[in-house]
Amino acid sequence: MCARVDRWSSGPGSHMPDQRRQPIDIGEGMVRPVLPAYRQVAEQLRTLITTGQLRPGERLPTESNLAKSFAVSRGTIREVLRELSAQSLIETVRGSTGGNFVAVPDLGSASELLESQLGRMSGLDMVTLPHMLQVREMLEIPIARLAAEHRTFEHLEMLRASIGITTTAEYRRTLTDEGAPHFHTTLLHAAGNPLLSIMTPPVFRVLSLKYLRDDPPDFWRLVSDEHAAIIEAVADRDPDAAEETMRNHLASLRAAYEAGSDSQ
């Protein structure tokens with residue numbers, strides 16, 4: 001579809017516009033949908049925050065001042081602030097010295113937000129098991145290489161402490177602060193890239209909670225053996241062996257997750 005805009009057209013030699021309107025066709029690529037006012041304001045503030053023009057900890061203007069600056073109602077500004085708060089971009093402090101402040105970025109919060117959205121999309125089949133398994137392989141095989149290159153003695157100690165899981169329930173406790181160190185989380189910490197700490201945990205959390213059956217036969221013994229092989233390669237600072245052992249391990253996990261998917 002094309003939008004049509006009318007303009008006045010003067011006849012030859014005429015000094016005054018005639019009354020005939022000449023329609024002009026405007027292609028779809030030239031037209032941008034008009035967003036609701038609160039979305040336009042939210043996008044502008046989001047850009048100021050994400051580009052660093054509004055710094056972490058900085059207080060936003062009052063609702064009245066924001067409404068005046070953007071020429072919108074205070075109700076619209078409240079809608080904007082709710083949206084930015086839900087995205088963990090601002091936080092509200094109550095009291096006489098309170099207000100709305102630009103939130104300090106936090107790796108854990110960013111990862112939790114990604115996990116909640118991924119979980120919802122998985123539940124609606126917008127993201128499928130093959131999608132997640134593919135992404136996990138794309139992330140964790142290079143992570144094993146990086147871990148072999150950058151690990152410390154402390155990382156090795158935590159990796160070794162994660163060996164010996166015997167039940168699915170025990171494994172799921174490692175995904176919280178209550179259980180032993182989680183093997184894959186410790187490995188990505190050893191890789192030394194904080195962005196990986198945001199992107200990777202949501203994938204294996206959703207996989208384990210949705211697709212991992214309760215205690216498949218001999219599964220946890222196999223997992224412990226494969227984890228030990230990866231640790232050995234990381235301890236030897238052998239990136240090629242770390243990649244290969246991780247690739248084999250993820251292939252074993254794929255079979256377990258697919259079996260869990262078939263049982264649903």
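Guide: Asp-214 is exposed, with a relative accessible area of 61%. Keep in mind that this is a predicted model.

Visitor: What makes Asp-214 exposed?
Guide: The word exposed is used over 50% relative accessible area. Asp-214 has 61%, so Asp-214 is exposed.

Visitor: Where is Asp-214, and what does Asp-214 touch?
Guide: Asp-214 sits in the loop between helix 9 and helix 10. Not counting residues up to four places away in sequence, Asp-214 touches Thr-168 and Arg-172. Asp-214 and Thr-168 are 46 residues apart in sequence, and their C-alpha atoms are 5.6 Å apart in space.

Visitor: Where is Gly-164, and which residues does Gly-164 touch?
Guide: Gly-164 belongs to the loop between helix 6 (153-161) and helix 7. Leaving out residues up to four places away in sequence, Gly-164 touches Glu-170 and Ser-224. From C-alpha to C-alpha, Gly-164 and Val-223 are 8.8 Å apart in space, while 59 residues apart in sequence.

Visitor: Why does Glu-140 count as buried?
Guide: Buried means under 20% relative accessible area. Glu-140 is at 1%, so Glu-140 counts as buried.

Visitor: Where does Glu-140 lie, and with which residues is Glu-140 in contact?
Guide: Glu-140 lies in helix 5 (residues 129-150). Leaving aside neighbours within four places in sequence, the contacts of Glu-140 are His-184, Thr-200, Phe-204, Met-246 and Leu-250.

Visitor: What makes the pair Glu-140 and Arg-136 a polar contact?
Guide: A polar contact needs a pair of N or O atoms within 3.5 Å, one able to donate a hydrogen and the other to accept it. The side chains of Glu-140 and Arg-136 are joined at 2.3 Å, so the distance meets the cut-off.

Visitor: Why is Ser-197 called buried?
Guide: Ser-197 has 15% relative accessibility and the cut-off is under 20%, so Ser-197 counts as buried. Ser-197 lies in helix 9. Neighbours within four places in sequence aside, Ser-197 is in contact with Ser-111, Leu-188 and His-189.

Visitor: Which other residues of helix 9 are buried?
Guide: Among them are Leu-196, Ile-198, Thr-200, Pro-201 and Tyr-211.

Visitor: How do you know that the reach of helix 9 is close to what is expected?
Guide: Helix 9 (residues 194-211) has 18 residues, and 26 Å is expected at 1.5 Å a residue. From first C-alpha to last, helix 9 reaches 27 Å, which is close to that value.

Visitor: Where does helix 9 bend, and what caps its N-terminal end?
Guide: The bend is at Thr-200, by about 25°, and a proline, Pro-201, follows within four residues. The N-terminal end of helix 9 is capped by Asn-193, with a side-chain oxygen 2.9 Å from the backbone nitrogen of Leu-195.

Visitor: How do you know where empty space is left?
Guide: Rolling a probe the size of a water molecule over the atoms shows this. A search of the whole structure finds 3 cavities of 30 Å³ or more. The largest cavity has a volume of about 90 Å³.

Visitor: Which residues lie nearest the centre of the largest cavity?
Guide: Of the 14 residues lining the largest cavity, Ser-162, Ile-165, Tyr-171, Phe-183 and His-227 lie nearest its centre. Helix 7 (168-174), helix 8 (183-191) and helix 10 (219-235) each give two or more residues to the lining. Helix 10 gives the most, with 4 residues.

Conventions:
Residues numbered from 1 in each chain as written. Predicted model: local features only at pLDDT ≥ 70, side-chain atom pairs only at ≥ 80, totals over all residues. Heavy atoms only, no water. Expected span 1.5 Å × (residues − 1). Bend = angle between axes of the 7 residues up to and from the residue. Buried < 20%, exposed > 50% of the residue type's maximum accessible area, 1.4 Å probe, protein only. Contact = heavy atoms within 4.5 Å. 1 Å grid on protein atoms, 1.4 Å probe; cavity = no way out; pocket = protein on both sides within 12 Å on 5 of 7 lines; lining within 4 Å. Points joined across faces, edges and corners; volume = space filled by probe spheres on them.
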